[in-house]
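Biologist: Before I rely on any label attached to this model, I would like to hear how each one was reached. Could you set the values against the definitions as we go?

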Amino acid sequence: MVQAQQIGKSFGPHRVLDGVSLDLAHGEVVAVIGPSGSGKSTFLRCLNHLETIDEGSITIDGEALAVQDASGRSQYVADREVRRICRKMGMVFQSFNLFPHMTVLENIIEAPMTVKGLRREAVIPKAEALLAKVGLLAKRDSYPGRLSGGQKQRVAIARALAMEPEIMLFDEPTSALDPELTGEVLRTMRELAHEHMTMLVVTHEMGFAREVANRVVFMDQGRLIESAPAAQFFAHPQHERTQAFLRQML
Ligand SMILES: Nc1ncnc2c1ncn2[C@@H]1O[C@H](COP(=O)(O)OP(=O)(O)O)[C@@H](O)[C@H]1O
Ligand SMILES: [Mg+2]
């Protein structure tokens with residue numbers, strides 16, 4: 001579903017991603033872990049074109065998003081194609097990013113209406129089903145400001161799912177939450193994984209990574225240092241830096 005090859009990305013003189021390659025198979029859940037500043041968010045944002053890459057190639061669901069030319073620079077496909085391909089990916093941010101002036105339901109139906117051009121009446125039943133799925137149908141007409149962090153994040157997940165993505169990208173979805181609220185969000189994500197959603201999850205939740213992810217990758221200083229099936233990753237981390245990171249986290 002996702003093939004990222006030799007991604008290079010700099011902000012000015014600072015090389016933030018240095019030859020990062022990662023493949024995600026259909027239905028696979030991959031957890032990305034690593035210290036702050038290692039490039040995890042930038043990598044996720046590059047996959048769905050919130051940032052552009054300098055080098056390397058990205059293929060989504062069999063379609064090229066960016067290819068590397070003879071000089072080694074990345075070239076994106078036409079803007080229209082970029083937008084269409086990126087719609088296959090839904091993203092959930094640490095900070096929820098809900099529209100504060102819209103109700104929960106309006107937040108969810110907004111993109112299907114404006115981006116996909118669907119009619120309000122057609123979208124509402126689907127939105128309500130998604131709200132029921134994340135356990136928040138009763139909050140349908142509430143404004144985000146009246147919700148807890150865990151509820152906001154579950155609405156954000158429902159909003160991403162309303163676009164019917166093939167792939168879900170999560171960037172530290174529980175990092176802004178009080179500890180007692182992380183469980184409800186992780187439960188929603190676990191259910192998605194059981195439904196075979198393809199998921200790439202940046203997280204500090206080692207329990208979630210161990211139990212739900214098929215594979216765990218470790219990033220440090222812009223490089224993908226280690227990648228292994230979850231059980232093996234935690235039982236036998238190969239690299240010294242992975243070992244040091246896990247000692248600190250567990
Ligand atoms: N828009 C930006 N402009 C300049 N530097 C950035 C920008 N975004 C991220 N960085 C830098 O890139 C590095 C990686 O950041 P990030 O991808 O957010 O790491 P992580 O998510 O692993 O904490 C950091 O040094 C960060 O300061
Ligand atoms: Mg980050």
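Modeller: The axes of helix 5 (residues 149–161) and helix 6 (residues 179–194) come within 8 Å and cross at roughly 15°. This is a predicted model, in which local features need pLDDT of at least 70 and side-chain atom pairs count only at pLDDT 80 or more, while totals for chains, interfaces and linings use all residues. Residues are numbered from 1 along each chain as its sequence is written, and chains are lettered from A and ligands numbered from 1 in the order in which they are written.

Biologist: Why is helix 5 called roughly parallel to helix 6?

Modeller: Axes are lines fitted to C-alpha atoms, for helices over the stretch in contact, and angles run from 0 to 180 degrees between N-to-C directions. Angles under 35 degrees count as roughly parallel, over 145 as roughly antiparallel, 65 to 115 as roughly perpendicular, and the rest as oblique. The crossing is at roughly 15°, and helix 5 is therefore roughly parallel to helix 6. The helices themselves are DSSP runs of H or I with at least four residues, just as strands are runs of E with at least two, numbered from the N terminus.

Biologist: Which residues make the contact between these two helices, and how do they divide by class?

Modeller: Helix 5 contributes Gly149, Gly150, Gln153, Arg154 and Ile157, and helix 6 contributes Leu181, Glu184, Val185 and Thr188, where contact means that the C-beta atoms, placed from the backbone, lie within 7 Å. By class there are three nonpolar, four polar and two charged residues; Ala, Val, Leu, Ile, Met, Phe, Trp, Tyr, Cys and Pro count as nonpolar, Asp, Glu, Lys and Arg as charged, and the others, Gly among them, as polar.

Biologist: How do you know what relation helix 3 has to helix 5?

Modeller: Their axes come within 8 Å and cross at roughly 25°, and helix 3 and helix 5 are therefore roughly parallel to each other. Val104, Asn107 and Ile108 of helix 3 meet Val155, Ala158 and Arg159 of helix 5, a contact of four nonpolar, one polar and one charged residues.

Biologist: What makes strand 7 and strand 11 edge strands?

Modeller: An open sheet of six strands has the order 7-8-9-3-10-11, with mixed pairing. Strand 7 (89–92) and strand 11 each have a single partner strand, so one side of each is left without a neighbour in the sheet.

Biologist: How do you know that strand 10 pairs with strand 11?

Modeller: Two strands pair if DSSP finds at least two bridges between them, and six bridges join strand 10 (residues 215–220) to strand 11 (residues 223–229), which run antiparallel. Methionine 219 has leucine 224 as its bridge partner in strand 11, and valine 217 stands opposite serine 227. The hairpin of these strands has two residues between them, and glutamine 221 takes a positive phi near 50° there.

Biologist: What is the strand order in the sheet of five strands, and which strands stand at its edges?

Modeller: This open sheet has the order 2-1-4-5-6 with antiparallel pairing. Strand 2 (14–24) and strand 6 (74–76) stand at the edges, because each has a single partner strand. Three bridges join strand 5 (residues 63–68) to strand 6, and glutamine 68 stands opposite serine 74 in strand 6.

Biologist: Which residues are around ligand 1?

Modeller: They are Phe11, Val16, Gly34, Ser36, Gly37, Ser38, Gly39, Lys40, Ser41 and Thr42, a residue being near a molecule or strand if its C-beta atom, placed from the backbone, lies within 6 Å of it. Two are nonpolar, seven polar and one charged, and helix 1 (residues 40–47) gives the most to this shell, with three residues.
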